[in-house]
Amino acid sequence: MFVGMQAVRVKYRDRQKYICHEGQLTFESFLECVSKKFEIPTLDLKVYDDLNTEVDEDAFAFLVMKPDLGVLEVRLPKGSDFEDSVSPSTSHPLCTSNSSFDEGDSDDTIILQSTPVQRNRADLTHLAQLIENILRKKPGGEMILTEYGRTKSLTDSRRRDMVKILVAHMASEHGTSPSKRVKEDYAKGITALFPYLADPQGTLGYEQYYNPVDGSGFLPWRVKTLQKEASEGQKKRSPQLLTGGPDSGERTPFCKENQLATETQCCEAIALMKHTTDETIIREKMKQTFTHRQAMVNDPVKSSEIFTTFPRFLDIKGMIEQDFSLMFGDDISARFLEKWPTHYRQKVLEQSRGLTQTSDLEDLLHNAESTTEELEDGWDSEMSSILLLIHLMPPSPHGRNKRPGKLSARQAIDHLVKFIKTGTSVEGHLDSITESRQPYLLAVGTQRSAIQKYFIVIDKHAIPCRSPDALASFDELFKAHFIFATSYNRDLANVYHFLQTAVYQIDAATTKVNPRVKEMRARMLHGF
């Protein structure tokens, strides 16, 4: 005798079976057990009542409470051969047989006895098996499985092959407009089968393949390509702009101590800083006015006056570094200079060698692996290693009628660093600026491999960097975006978002990033 247990009769084709459940039976758990009982997939499974009316999730919750429920019929889409892609299991932790309920056919009766953790684990195992079966049956699939087994990663070309295979299968089974659930299940299956492809900083881990929040990812991008090929002339959908990062609004400072509380106190400190030559006093007063300054840079009206109000940014080195430490703390502030030489630099070189080689890329790789004495032309080793990031994560298309690759990596590099020879007027360079641009580095030296000093150029002002070292200056450039609440140059957004979320680990869970960035994080963060 089973207390509080209800039997539901289910028909699939010419077979009928009972499903028993204890407590509340949900539509999702019903489909799960039907799938296991009849050895059919849950994807696109349809349910109908005695009157041949389709039953959805809302209707199911009502119907299942009726004593005269009758027989529920389940159907797969016509022409589906999905059974060939799924390895049926004779038992499943979500559904257990109950011989005493129907002694004549114990195999035809199942009881729901599962926890959410068990169900989730079983779902992921099922989806991983689905992805593996698809790959093993398609040309090129075995090479994908072999490469991952050997390297725990996939090259760009192998990843593209995998996405093409899976989307082709998805389209054949579910049409060229698959549901969100289908795309998400395939994405879950990929990272379940290939765990080292999961994004450690992502909320779900598989967003680079399909993000259920905004519909982005490699899978839906490929689906859109198929849709365009099937229907020429279809309007291209404009990509969504990336959000998050340094211009996301005023932040609560890491260090709140010794901040001046009133407007009068701040004005007095600002006046003192403008007229004193004592750097110790200037640094202390800059600390005390940090909160006031952050409110100012986040004010659309007052932000343009920041260098007029705080001109010591322009002649006292280290002010950006000091403000960044007040904003995030010394630990986060030190991460780039600590982690880039010991981990990320070598990872970047390894990944860059796998790219399609161009003369620009080959020059950067050569310089990045050379000593200063060996360099004949081009940027020094450290700057070259940073610029390789632009080749790994090139500019995304933006605006109408823009196509991927419209702006080359070489052109994007010009948005990050510019070179002028020693003796050239920095003021003359600033005067030549004719359009508003995001912050960039201005390198001054006898040649690109022999830089004597760097400046951060922002709003036609030149802020001196603390050191002629390329890594330290680039570190300051990144931090300047947060200190002055300015957005990233959109052609460098992928690079900056990678550094922000992977290296500095700022707002990693709340910043929307391009799938390419998520993929690169997965490649570089595993084993860190």
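The points below comment on selected features of this structure, which is a predicted model.

1. The sheet. Four strands make up an open sheet in the order E7-E8-E9-E10, and the pairing within the sheet is mixed. Strand E7 (417-421) and strand E10 (461-464) are the edge strands, each of them pairing on one side only. From one strand to the next the twist averages 35°.

2. Pairing of E8 with E9. Strand E8 (residues 440-447) and strand E9 (residues 450-458) run antiparallel and are joined by 7 bridges. Tyr 440 has Val 457 of E9 as its bridge partner. Gln 447, which also lies in strand E8, has a relative accessibility of 36% and therefore counts as partly exposed. The C-alpha atoms of Gln 447 and Asp 380 are 9.7 Å apart in space, although the two residues are 67 residues apart in sequence.

3. Pairing of E9 with E10. These two strands are paired in the antiparallel sense over 4 bridges, and Val 457 has Ala 462 as its bridge partner in E10. E9 and E10 form a hairpin with 2 residues between them, and in the turn Asp 459 has a positive phi of about 50°.

4. Helix H19 and the sheet. H19 lies across E8, E9 and E10, and the helix runs at about 0° to E9.

5. Helix H19 and helix H20. Two packed helices are described by the angle between their axes and the distance between the axes. For helix H19 (residues 470-483) and helix H20 (residues 493-503), the axes come within 12 Å and cross at roughly 90°, which means that H19 is roughly perpendicular to H20. On the H19 side the contact is made by Phe 474, Leu 477, Phe 478, His 481 and Phe 482, and on the H20 side by Tyr 496, Leu 499 and Gln 500. By class, these contact residues divide into 6 nonpolar and 2 polar, with no charged residue.

6. The nonpolar cores. The largest nonpolar core has 77 residues, and the residues with the most contacts inside this core are Phe 484, Phe 498 and Leu 499. H19 gives the most to the core, with 8 residues. Another core, of 29 residues, lies apart from the largest one, and its members include Tyr 148, Tyr 186, Leu 197 and Tyr 209. Returning to Phe 498, and leaving aside its neighbours within four places in sequence, this residue is in contact with Tyr 344, Leu 389, Met 393, Val 503, Val 517, Met 520, Arg 521 and Met 524.

7. Helix H21. All 11 of the 11 residues of helix H21 (residues 515-525) are buried, so the helix is largely enclosed by the rest of the structure. The buried residues of H21 include Arg 516, Lys 518, Glu 519, Arg 521 and Arg 523, and Val 517, Met 520 and Met 524 are among the others that are buried. Among the elements that cover the buried residues of H21 are helix H5 (156-174), helix H7 (218-230), helix H14 (335-353), helix H16 (381-392) and H20.

8. Loop residues with positive phi. Ala 485, in the loop between H19 and H20, has a positive phi near 50° without being a glycine; at 18% relative accessibility, Ala 485 counts as buried. Asp 507, in the loop between H20 and H21, likewise is not a glycine and has a positive phi of about 50°, while its relative accessibility of 25% means that Asp 507 counts as partly exposed.

9. Gln 322. This residue has its place in helix H12 (residues 319-328) and, with a relative accessibility of 13%, counts as buried. Leaving aside neighbours within four places in sequence, Gln 322 is in contact with Arg 283, Met 286 and Lys 287.

Definitions and conventions. Residues are numbered from 1 along each chain as its sequence is written. This is a predicted model: local features need pLDDT of at least 70, side-chain atom pairs count only at pLDDT 80 or more; totals for chains, interfaces and linings use all residues. Side-chain values use heavy atoms; hydrogens and water are left out. Axes are lines fitted to C-alpha atoms, for helices over the stretch in contact, and angles run from 0 to 180 degrees between N-to-C directions. Angles under 35 degrees count as roughly parallel, over 145 as roughly antiparallel, 65 to 115 as roughly perpendicular and the rest as oblique. Contact means heavy atoms within 4.5 Å. Ala, Val, Leu, Ile, Met, Phe, Trp, Tyr, Cys and Pro count as nonpolar, Asp, Glu, Lys and Arg as charged, and the others, Gly among them, as polar. Buried means under 20% relative accessible area, exposed over 50%, partly exposed in between (1.4 Å probe, protein chains only). Two strands pair if DSSP finds at least two bridges between them. A nonpolar core is a set of buried Ala, Val, Leu, Ile, Met, Phe, Trp, Tyr and Cys residues joined through side-chain atoms within 4.5 Å.
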